[in-house]
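Welcome! Please take a moment with the sequence and the structure below, and then read on for a short tour.

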Amino acid sequence: MTELTPDQQKKIIEALEKKGAKNPCPRCGNPSFALLSGYFNQTLQTQLGGLVIGGPSVPSAVVACTNCGFLAQHALGALGLLPQEPKKEESK
């Protein structure tokens with residue numbers, strides 16, 4: 001598994017700080033979190049029964065409380081960290 005590069009980690013931390021995500025852990029009050037060195041990719045399901053593989057998803061960065069292990073997920077799109085899709089030319 002490829003880990004996040006130092007540059008990717010820095011961008012995620014800066015984006016979280018810019019958004020004000022600096023509060024202590026909501027479970028234990030610990031002020032320290034560690035950025036996990038990878039992404040979560042939550043798939044969106046349209047039905048409760050069964051599992052659909054593929055389709056839309058929410059790529060996220062995850063931080064873990066260094067005391068109790070509480071995980072907090074942050075959508076990369078809301079942090080402005082998703083790659084920009086190429087603009088499609090408008091048909092005339």
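## Cysteines without bridges

The sulfur of Cys-68 is 3.7 Å from the closest cysteine sulfur, that of Cys-25, which is too far for a bond. A disulfide here is a pair of cysteine sulfur atoms within 2.5 Å. Searching the whole structure turns up zero disulfides. Cys-28 is in no disulfide either, and its nearest cysteine sulfur, in Cys-65, is 3.6 Å away.

A word on the source: this is a predicted model, in which local features need pLDDT of at least 70 and side-chain atom pairs count only at pLDDT 80 or more, while totals for chains, interfaces and linings use all residues. Residues are numbered from 1 along each chain as its sequence is written, and side-chain values use heavy atoms, with hydrogens and water left out.

## How accessible are some residues?

The table uses these classes: buried means under 20% relative accessible area, exposed means over 50%, and partly exposed lies in between (1.4 Å probe, protein chains only).

| Residue | Relative accessible area | Class |
|---|---|---|
| Cys-28 | 34% | partly exposed |
| Cys-68 | 40% | partly exposed |
| Val-52 | 47% | partly exposed |
| Ser-60 | 3% | buried |

Val-52 sits in the loop between β1 and β2. Helices (H or I, at least four residues) and strands (E, at least two) are DSSP runs, numbered from the N terminus. The C-alpha atoms of Val-52 and Ala-21 are separated by 32 Å, and the two residues are 31 apart along the chain.

## Around Ser-60

Ser-60 belongs to strand β2 (residues 57-65). A polar atom of its side chain lies 3.3 Å from the backbone oxygen of Val-58. Leaving out residues up to four places away in sequence, Ser-60 touches Tyr-39, Phe-40, Gln-73, His-74, Ala-75 and Leu-76, where contact means heavy atoms within 4.5 Å.

## The largest pocket

The largest pocket has a volume of about 360 Å³. Of its 15 lining residues, Leu-16, Ala-21, Lys-22, Phe-33 and Val-63 are the closest to its centre. The elements giving two or more residues to the lining are α1 (6-18), β1 (33-43) and β3 (71-75).

On a 1 Å grid over the protein atoms alone, a pocket is an open set of points where a 1.4 Å probe fits, with protein on both sides within 12 Å along at least five of seven lines, and lining residues have an atom within 4 Å of a point. The volume is the space filled by probe spheres set on the points.

Definitions and conventions
A polar contact is a pair of N or O atoms within 3.5 Å; within protein, one must be able to donate a hydrogen and the other to accept it, and residues adjacent in sequence count only if both atoms are side-chain atoms.
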